[in-house]
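These are my notebook entries on one protein model. I set down what I looked up, topic by topic.

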Amino acid sequence: MSSSTTPSTVERAFAAALYADTDAALDTGASLLAADPTSDTELARRGGEFVAAAWRRGWQPADLVRIVRRDLDDLHVRLVSALILREDRTPPRGPRWAAQLDGLAADAEPPRTDRFTHATTVLELYRLLLRLPAIEPLDLDPPRQDAPQDSRMLTRIRALLAKAEATGFPEEAEALSAKAQELMARHSIDEALLAARTHAKDAPGACRIGVEPPYETAKAVLLDAVAGANRCRAVWNESLAFSTVVGFEPDLEAVELLYTSLLVQATAAMTKAEAAQRAGGRKRTKTFRQSFLAAYAHRIGDRLATAAEGQVASAEGELLPVLAARDVAVTHHMDQMFPDTVTTRLRGVDDAAGWQEGSAAADRAQVRARPPLR
């Protein structure tokens, strides 16, 4: 005896729309879903399955939102945010994961639309989620006993950098940024020494930071320079618009904060320099911007490398072997995560004025060497 099962509306819509790239296929699937309100529950459940599959392939909440924002639009961002929050009912997977979920709340309410528009949005999103490649999984960071103190420290550092970016007085920005750097260094060094003295099972981890167009190569170079100066390593995934930064937790936090601050400073300086160029009759803004950011990243890299060399040279006593051991651990962890990497060169940097302005802006950027290690 044989029997057949009639495919559900959702299955027929998926068969029509998810495996083809044409608008006609998408319209067919959306029409099926729009005409059958009883399919809504199954459609939402299947969305949760796509999100769970993304977790198994190494993706995290911020990664999904970033790729959806890049490839689709705001409707899809709101929909995937709601799906993530609905799907993630498991116990907290660590502070970074929890922070990513907290950042989704504002975008988790999709606006009301007609049924056909909603179905089209859902199918476009599911089509993207279905095709996501596997990426390097990140270790889930365990909750730390000193998390409340860390939170207060990071809040203070963020406030200092925000003021440095906003002030119009260079002397004030210099003082604020220097103080933020001092707090970053103190926090990182204290953590390293504490772990060594208590024989804590401290190990490198990793985080992903978005590096998005335009001028993403220059941004990736800037992030690499910041990572290197903070005893971390960065690997850029150009096709997925992020870099994975490998390092110990306090240093990862410093990289995220400093890179974000320098990018804000670079963008503000570039806008100001570009306005001056336009006032002089110049119109080639794209090549100017690319050369500006490339020069900025190059010059900042030199400054940060010099600062990092000074830190190591001033290390004495028990701290020097601790830092050396950490460098070895970070390199080993990166080699395990990324056994095959290639070097990327900056291309299309041929605007002399942009390069000069970018170098000058990097020299003015509020970056100080960390205080001598003691």
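**Entry 1: a strand pair.** I began with strand β2 (residues 233–237) and strand β3 (residues 242–247), which run antiparallel and are joined by 5 bridges. I noted that the model is a predicted one. I then asked which residue of β3 is the bridge partner of Asn 237. The partner is Phe 242. The hairpin of β2 and β3 has 4 residues between the strands, and in this hairpin Ala 241 takes a positive phi near 60°. I also recalled a general point: side chains in a regular strand alternate between the two faces of the sheet.

**Entry 2: the whole protein.** I next looked up the overall content and recorded 14 helices and 3 strands. The protein has 374 residues, and 46% of them are buried. I then took the contacts with a separation of 6 or more; residues 24 or more positions apart account for 79% of these.

**Entry 3: two packed helices.** As a general rule, two packed helices are described by the angle between their axes and the distance between the axes. I looked up helix α10 (residues 216–229) and helix α11 (residues 249–279), which pack at an angle of about 140° with their axes 9 Å apart. Angles over 145 degrees would count as roughly antiparallel, so the two helices, α10 and α11, are oblique to each other. The crossing in which α10 passes α11 is right-handed. Which residues of α10 meet α11? I listed Lys 219, Leu 222, Leu 223, Val 226 and Ala 227. On the side of α11, the residues are Val 255, Leu 258, Tyr 259, Leu 262 and Leu 263.

**Entry 4: cysteines.** How many disulfides does the structure hold? I found 0. I checked Cys 207, whose closest cysteine sulfur is in Cys 232, at 7.7 Å. A disulfide requires the sulfur atoms to be within 2.5 Å, so this distance of 7.7 Å is too far for a bond. Starting from Cys 232, I found that the closest cysteine sulfur is in Cys 207. Cys 207 is buried, with a relative accessible area of 3%, and Cys 232 is buried with a value of 3%.

**Entry 5: one histidine.** Finally, I looked up His 333, which is placed in helix α13 (residues 319–337). Is His 333 buried or exposed? Its relative accessible area is 14%. Buried means under 20%, so His 333 is buried. Leaving aside neighbours within four places in sequence, I recorded that His 333 is in contact with Asp 139, Pro 204, Gly 205 and Val 246.

Definitions and conventions
Residues are numbered from 1 along each chain as its sequence is written. This is a predicted model: local features need pLDDT of at least 70, side-chain atom pairs count only at pLDDT 80 or more; totals for chains, interfaces and linings use all residues. Side-chain values use heavy atoms; hydrogens and water are left out. Buried means under 20% relative accessible area, exposed over 50%, partly exposed in between (1.4 Å probe, protein chains only). Contact means heavy atoms within 4.5 Å. Two strands pair if DSSP finds at least two bridges between them. Axes are lines fitted to C-alpha atoms, for helices over the stretch in contact, and angles run from 0 to 180 degrees between N-to-C directions. Angles under 35 degrees count as roughly parallel, over 145 as roughly antiparallel, 65 to 115 as roughly perpendicular and the rest as oblique. A crossing is left-handed if the near helix is turned anticlockwise from the far one by less than a right angle, and right-handed if clockwise.
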